[in-house]
Amino acid sequence: MSDDDGRLGLRCVVTGATGYIGGRLVPELLADGHRVRCLARSPAKLRDYPWAGDAEVVRGDVTDAGSVAEALRGTDVAYYLVHALGTGHGFEETDRKAARIFGEQARAAGVRRIVYLGGLTPAGVPEGQLSPHLRSRTEVGRILLESGVPTTVLRAAVIIGSGSASFEMLRYLTERLPVMVTPSWVHTRIQPIGVRDVLRALVGSARMPADVNRAFDIGGPEVLTYLEMMQRYAVVAALPHRLILPVPVLTPRLSSLWVGLVTPVPASIARPLTESLRHEVVCHEHDLVRYVPDPPGHPIGFDETVSLALRRVRDAQVTTRWSSASVPGAPSDPLPTDPDWAGGSLYTDRRERAVDAPPEALWRVIEGIGGDNGWYSFRAAWSVRGRLDRLVGGVGLRRGRRDAGRLRVGDSLDFWRVEEIEPGRLLRLRAELRLPGLAWLEMYAEVGDDSRTRYRQRALFHPHGLLGHAYWWGVAPFHAVVFGSMARNIAKAAARDTPVDRKVPTASASGIHSRM
């Protein structure tokens, strides 16, 4: 569907489609008439996206030359939207390797354009003085520009949109702290940009002339300090005026821990964000308009961008979140095949209860678990476990849900991630806690041989080393309280929400049991 004058749709490959920007870019490209292929390490994570049936999804990794070459075959435009943010001390080398592979394979495949979303860098600051996060993004852009494939590098500072890490950080800091002691970077000048304008720039860059090979600064119409952004957010959200007291002694590490304590954004993600705010990041040109003209009303102003984001949050229409991508350091292994798995110890806690409600009522409770609805058991225990996880750099319990009533594979759900969902029957979650092993939680809505609705729950733990075994036996005494009450309360919630005339006849309480 591609031709030289660009009148027909282009063949586009999108990397990072499970992430915040990539997951929103794909439907925009499809709406613009392009054909889209997504390169993903875990294609199943894209299965339940509304656009999944209209795009091709292939398995691969940007650090694997073979899978990249296969994905780029027959491609016109390749979007590079991945980076190894916070994946350890070697993340810059991982970024470097992946960018080189992508550039080399794009050139070999005859790709006509690479489009990369990078970070806006401060003027006059030597690259060596940039934060590792910004320095790596700058290097990736340079590698792609030197790949021999015409490349567009879009450089943005803070991206504001429902579900973005920057927006969530701003939102929670402002809403939760009417009086706050803040780092000195709240006085840094920034040029935020709305996610709608970022997507418009990405889509428009696909049709750039072949002789364009350069970086472009992109930003909104206003330059603000972070303090001004918080005060303006408070006005848009109808909050009282915030009292903000900057303290210059807070280091980037302390700043990230402070952000991680107050907001759902863990310190591992907050640190590169806060480090990037040490220097002024404003646009020094607006040359992109020559190739991607601004339509009336664009770029969108800060207040309107915040208002749009808040509206989507309130209406539960957040299509992707910063936590859509896998958390650095979180386990990614799928549940071992059971019971034929031969990979070592696999501890299991099983619970089962009869439910005085039809299966669909039970499923509504299961699919609605977590976030504001909680986990139907000892709330304090869940809260303490989440706080302990955040203290050691984990995600904790505050990520909440993308949607109040619906889940899809790949969704983050507090400190879990949805690994599998069979609508009406099974929800399988994989823990993203800092654990000495791998953990899963399964919840089933089934009909038993006696035609009664049954709730079945299974927690699994695959320990790593002696510490993993010690961990399981250390928390095992609490399972009866946490998992037992969870099964009991889920069954009660399903029955409570079911009209009397639709309830399923139940036997005596002796028919309801739980087992380890």
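Student: Which residue in β17 is the bridge partner of Glu420?

Tutor: Let's start with the terms: strands are DSSP runs of E with at least two residues, helices are runs of H or I with at least four, and both are numbered from the N terminus. Two strands pair if DSSP finds at least two bridges between them. Strand β16 (residues 416–422) and β17 pair in the antiparallel sense over six bridges. Among the residues of β17, the bridge partner of Glu420 is Arg428.

Student: What kind of model is this?

Tutor: Residues are numbered from 1 along each chain as its sequence is written, and side-chain values use heavy atoms, with hydrogens and water left out. Local features need pLDDT of at least 70, side-chain atom pairs count only at pLDDT 80 or more, and totals for chains, interfaces and linings use all residues, as the model is predicted.

Student: Which residue in the turn between β16 and β17 has a positive phi?

Tutor: These two strands form a hairpin, with three residues between them. The one with a positive phi, about 85 degrees, is Gly424.

Student: How many residues of β17 are buried?

Tutor: Buried means under 20% relative accessible area, exposed over 50%, and partly exposed in between, with a 1.4 Å probe and protein chains only. In a regular strand the side chains alternate between the two faces of the sheet. One side of β17 holds Leu426, Arg428 and Arg430, the other holds Leu427, Leu429 and Ala431, and both faces are covered. Of the six residues in the strand (426–431), the buried ones number six.

Student: Why is one side of β14 and of β15 left without a neighbour in the sheet?

Tutor: The open sheet has six strands in the order β14-β19-β18-β17-β16-β15, with antiparallel pairing. One side of β14 and of β15 (412–413) has no neighbour in the sheet because each stands at an edge, with a single partner strand.

Student: Which residue in β19 is the bridge partner of Arg351?

Tutor: β14 and β19 run antiparallel, joined by nine bridges. On the β19 side, the bridge partner of Arg351 is Gln457.

Student: Which element gives the most to the lining of the second largest pocket?

Tutor: On a 1 Å grid over the protein atoms alone, a cavity is a set of points where a 1.4 Å probe fits but cannot get out, a pocket is an open set with protein on both sides within 12 Å along at least five of seven lines, and lining residues have an atom within 4 Å of a point. Of its 33 lining residues, the closest to the centre are Gly371, Asp372, Gly400, Arg401 and Asp414. Six residues, the most from any element, come from α12.

Student: How many residues in that pocket lining are charged?

Tutor: Asp, Glu, Lys and Arg count as charged; Ala, Val, Leu, Ile, Met, Phe, Trp, Tyr, Cys and Pro as nonpolar; and the others, Gly among them, as polar. The lining of the second largest pocket has nine nonpolar and nine polar residues, and its charged residues number 15.

Student: Which helix gives the largest share of the lining of the largest cavity?

Tutor: There are five cavities of 30 Å³ or more, and the largest holds about 100 Å³ of space. Its lining includes Ile193, Asp197, Arg200 and His286. The largest share, three residues, comes from helix α6.

Student: Is Asp61 buried or partly exposed?

Tutor: Asp61 sits in the loop between β3 (56–59) and α2 (65–72). Beyond its neighbours within four places in sequence, Asp61 has contacts (heavy atoms within 4.5 Å) with Leu39, Arg41, Ser67 and Val68. Its relative accessibility is 23%, so Asp61 counts as partly exposed.

Conventions
Grid points are joined across faces, edges and corners, and a volume is the space filled by probe spheres set on the points.
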